[in-house]
Each structure stands twice: as structure tokens, then as C-alpha cells.
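Here is a two-chain model to go through with some "how do you know" questions.

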Amino acid sequence: MDIFFQQILNGLVLGSIYALIALGYTMVYGIMGLINFAHGEVVMIGAMVCITVVSTLMHSGVDLPGWAIVLIGTLVAIPACALLGFVIERVAYRPLRGAQRLAPLITAIGLSISLQQIAILIWGRNYIPFPDLLNADTVSIMGASITKLQIMIVVLCLVLMTGLLVVVEKTKLGRAMRATSQNPAVAGLMGVNVNTIISATFMLGSALGAIAGVMVATNYSQAHYYMGFMIGLKAFTAAVLGGIGNLGGAVAGGILLGIIESLGAGYIGQLTGGFLGSNYQDIFAFMVLILVLIFRPSGLLGEKMADRA
Amino acid sequence: MSKAFDSKQIGLFIASGIALCVLPFVVGGALGNSWVRIVDFALLYVMLALGLNIVVGFAGLLDLGFIAFYAVGAYTYALLGSPHFGIHWPFYVTIPLGALFAAFFGILLGTPVLRLKGDYLAIVTLGFGEIIRIFMNNLNAPVNITNGPQGINLIDPIRVGAADLGSPINLFGMSLPPVYLYYYLFLVLTVIVVIMASRLQHSRIGRAWVALREDQIAASAMGINIRNIKLLAFALGALSGGVAGGLFSAFQGFVSPESFSLLESIMILAMIVLGGMGNIAGVILGAVVLTIAPEILRDVIGPLQMKTMGRMLIDPENARMLLFGIAMVVMMLVRPEGMLPSKRRKAEFKDAKEAAAQKG
């Protein structure tokens, strides 16, 4: 039972990070109807920028507490990634609006490869360690242990997700975003500047991605140029699981996927009599993705649609 | 096709045939045997790209996990023809077997995704490809099947009777190294795949695929069995992927999960898209260009930097991939229909452009 609860806690931490990234996918999909394949790379760049700032600050001998240094790093990573999101949309998606579906997919993949290579140029091919600045004391809850850092990650994710929901539901920007996602042409007629809204959506999603990147890097104490690929794919799975285009769905899907993955990795050995081990953790996300798309393509919270293109 | 070719076409045909036959000697003589090896790989990629083209170009089903079928073919050959299990079956058993396995996996993947289209299909196929790779990477414990990340070594070369393509053969006083021998084998098979693809394209099945690609509902109203025709596309595409995989295994003598990453799937898709989706000549061009160009870049980037800057600023491998990524983006922005588009697709792109222009 202890293991069970421990896996649920691990899954919750992992899942809230997935949820944060999934929001970026789902927002872009909701508005433009396309999958931003380069979003995983935005997450990676966010982590890398933060690490660079943090280690520069530490080497410069500034006397600041650890959390303040990480905070500064994150505050640099957020605008950097927002800018990146803006550029991605401008370069790869805007010229192709209304083109065949395959074209933006290919540009996104091309962009994703380019960003990885740029990351290699700047940060190299090796794993970069994230300095131990944050409180990693463990707390034990009902026999399961969790670090204070992980508690912070979960809480921060919840705050950010609530914040995003408030922005989308209550503000003028949010209303414009919802209008654009329903019908860009009509939204334009109603005085919404569709281009600005799309740019804003990309920037908002990328900013969340940057924070998620920092969380991944602190949680695993390392970052790598290729880290965005797998986590991006899983976050996308989470978005599909919850019903793509639906913000609440992305959050639910993310947390659910995190928990499924942790439980799966924890119990696969017992279930298969030791034949498969926890190194198969990554297949759960794909299995879930395939099963969801077969049995409920609209996702858990998505609207029922006759035909998903 | 029923009409006789005119003499000009026959002349062109014979000329290109001769050119292809002497190509390895020209390339090998001028640039060395390592370039003949690259030409061999180009042929392998032509086969792969033509296989994927059946799924993506003809039937319009976006598949990002195509490399999984290549992997199935390669591992079938490797496991049944290497000291790993001590089994040494001949290639004329293992390659067809690998192709059949690949086709089976194609149907296995195709069945659950029948209802999916576009981006969703792309993601599911991508996930499928990754699952296959993860299994290959981890199936070394507790029972060692694939030997995990180390891969399988010392795979048997292809042997035809007494001739062993893995070692040089003396012919008319000349010693032909393996890369030359494999070139001719690959050439023959590539020609077969090209003929198969072009015959398919203009057949009843090929027209059904086009109908499916353009409008699934209309196609099914015209009496096309959507399920069967989709599964056929997946199976035939996977079949040629499986054959290419077996050949790769024999040619390379070594397979590991690393060769079957997502990037390879993307590479093959890029060959099709950049070359001209749906058009066989375009796909061949795309495959050849994308195999050869990175190798040229590899040879050029390093020395160029040494000459102009005096030192290596950018690692050539890094620069090559960066250029590849940028080229993909630029190509889509400038010429989304590819280098050599088919007439039909060209028309589709023109229609889409005009519609977009009218919308404002």
C-alpha cells in the first residue's frame, strides 16, 4: 500500500508538469487547429536558459539565497521562451495558414530539429547538471516520501493553471482567444486582431513551457538538448487524453497520464511476472494515446465530434 | 502503358540503364569506395521512400512510424542469420519472412487507426514506432532476444549459391568489393520496387487510393471499401520497408535500435515531401538528394571552416543537421509541393492557393 501511495505522489508531480506543457499544445490547437511540434523544444530551451543564468549568477559570487537565484533564472527563461514562441509562429506557421495540413507539420519538425541543433551549438551534447540550490528535504506523507521541491512544483502548477483559466475565462484577451478559436473570420469582423491573438497564444503557451522546463530540470537535477522530445510527446498525449482544445481537459489528462505512468512503471514487473521492467515506462504514454484515440478520439472532456480531422 | 514506346523513350531508357550499370565504377574510381557505399544507401532509401510513398503519397495517410517496419525487417534478418541465436537461414527465406512480418505489423498498426486522419494518425504512428524501438532496446532481459542497445553483430551477408556478397568476388580479372556487389543487388530490387509502385499507381487500387486521399466519404459512396484499401496501403508500404530492412541488415552486418529512431522516419518523410509527394520520380529524386547532400556537406563543412576561419567553429555533424532542419522549413515555405510534384498535386496546390487568395 505504501508503494501504491508513493507511486501516486510521484505521478502527481510528473503529471502536473505534463499538464503545464499540455496547456501549451492545447491552446495552440484550440485556436489554430494544428499541433505545435516544436513546443517540446521550447520547454528544453527554457530549462537551458535557466541553467545558464543560474550558473552564471553562482559563478559571479552574488550572495543570494538559492531560491532567489532559481527565481531569477526562471524570470529570464520566461521572456526568452515567449519570444521564441512568437518567432516560431511568425516563421513557421503564419506563412502557411490555410495551406495543406502536412506543410505546417513538416515545418514544425524542421524547426524542432533546428532548435535541437542550436541547443547543441550553445550548450553541447552532454547532460548539464542543475545546481543543488533548492530545498530537497523529504517530507513523509502517509508513509510515502516527497521532497519539498516536488510539493512546490505541484502547488506552483496548480496556481499557474488556475491563473491561465482566469485569464482565458475572465479577461478581454481570453475572450478574444475564445472567439478566435470558435471562428477566426468572424472574430476578425468583431474587431479582434486575430494575428495578435495567435501570437499572444503562442507566447503564453511558451511561457508556461519555460516554467515547466525549469521544473523538469530542477526535479531531475539535469537538462539535455533532447529532453524536449519525449516530454513534449507525453504532454501532447496528455492533451489528447483530456480532449485537445480543452484547457481543463489538458490539466486532467496531464495528471492522469502522470499517475498512469508511475503506477505502470511501479507495477509492470509484478504484472508480467518480471518479464518487463520499469524501463518500459515510456510505452505507457503511447499505449494510452493509442487506446484513447481508438476508443474515445474526442478525449475525456472533449466534445463529441463525428469526425476528427 | 499499352502503347509502344517511341524510339526516343527507348533510347533514354537504354542510356539511363547503362549509366546506372557503370555508376559504381565511375563513382568508385573518382571518389573512392566509401562513396559507392553512400550510393548503395541512396538505393536503400529510394526503396524505403517508395514504400512510405504508397502510404503517404498515394493514400494520403500520414505515417511517422514507418521506420518500425524497416526495423522489423532488419531484426528478422539479423535474428535468423547471425551467431546471436546460432541460426543461419538463407536470405531467400529471411528477407521474405521479414517482409511478411513487417506487413503483418503494418496491418496491426493499420487496424486500430482506421478512423484517424491527419495529425492524429501521425502521432499514433509515431507512438507505434517508438514502442517498437523501446522494445528492441529493452528485450535483452530476462530473456535476451534483441541484445538490447548493443544490437546484433556479425550478421550473415547475402549468399547466392557459392557467391558471397560479403567478400570480394573476382570477375574477368577484376576484384569487385562487396559495396559493388550490393549495388547491383539493390539496383535490381529498386527497379522492381519502382515498377511495382508505378503499376500500382495507375491500377484500380491506385485510383482508389487517390479517391480515398481526396475525399473519403465520396470514395466510399463510389463503392470503395475504405477499410480494405487503407489496410492494403499500410501492408504494401510496410512490405517494402521490411525488404529494405532485411537488405540493410545484410549490407551493414550490424543492427542496433539506434538505427531506427524517430529521426529516420522523419528523414524518409522529408524525402517524399521535398521530392514531390505522390510522384515516383520526385520521391526518387528526394531520396537521392537527401542521402547524398548530407554526405557532401560532411565533406565540405569541415575543410571549408578550416580554410576560412582557420579552426573548427561548428561541428560538421551539427551543422549538417541544422542545415537539414532549416532546409525543411524553407522548402515548405517556398515550394510546399516539392521539387518534382505530380501533376495532380500541383493542381491541388494551385486550387488551394487560389481559394486562399479569394478568401482574402
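Q: Where does B:Asn147 lie?
A: B:Asn147 lies in the loop between helix 5 (118-138) and strand 3 (159-160) of chain B. Helices here are DSSP runs of H or I with at least four residues, strands are runs of E with at least two, and both are numbered from the N terminus. Keep in mind that this is a predicted model, where local features need pLDDT of at least 70, side-chain atom pairs count only at pLDDT 80 or more, and totals for chains, interfaces and linings use all residues. Residues are numbered from 1 along each chain as its sequence is written, with chains lettered from A and ligands numbered from 1 in the order in which they are written.

Q: What makes the phi of B:Asn147 worth a remark?
A: Most residues other than glycine have a negative phi. B:Asn147 is not a glycine, yet its phi is positive, at about 65 degrees.

Q: Why is B:Asn147 called partly exposed?
A: A residue is buried if 20 or more other C-beta atoms (placed from the backbone) lie within 10 Å of its own, exposed if 12 or fewer, and partly exposed in between. B:Asn147 has 19 other C-beta atoms within 10 Å, so it is partly exposed.

Q: What about B:Leu154, is it buried or exposed?
A: B:Leu154 has 11 other C-beta atoms within 10 Å, so it counts as exposed. B:Leu154 also sits in the loop between helix 5 and strand 3 of chain B, and has a positive phi of about 50 degrees without being a glycine.

Q: Why does B:Lys230 count as buried?
A: B:Lys230 has 23 C-beta neighbours inside 10 Å, so it goes down as buried. You'll find B:Lys230 in helix 9 (residues 226-252) of chain B.

Q: Which residues does B:Lys230 touch, leaving out those up to four places away in sequence?
A: B:Lys230 touches B:Ala59, B:Leu61, B:Gly110 and B:Leu114. Contact here means that the C-beta atoms, placed from the backbone, lie within 7 Å. As for B:Tyr77, 153 residues separate it from B:Lys230 in sequence, and the C-alpha to C-alpha distance is 27 Å.

Q: What makes chain B as compact as a globular protein of its length?
A: The radius of gyration is taken over C-alpha atoms, and the globule rule is 2.2 Å times the number of residues to the power 0.38. Chain B, made up of 13 helices and six strands, has a radius of gyration of 21 Å, close to the 21 Å that the rule gives for 360 residues, so it is as compact as a globular protein of that length. Its C-alpha trace spans about 65 × 55 × 55 Å along the principal axes, and 46% of the 360 residues are buried.

Q: Why are strand 2 and strand 3 of chain A said to pair?
A: Two strands pair if DSSP finds at least two bridges between them. Strand 2 (residues 138-141) and strand 3 of chain A have four bridges, in the antiparallel sense. One of the bridges joins A:Ser140 to A:Ser145. The two strands form a hairpin with two residues between them, and A:Met142 in the turn has a positive phi of about 45 degrees.

Methods: Two residues are in contact if their C-beta atoms, placed from the backbone, lie within 7 Å.
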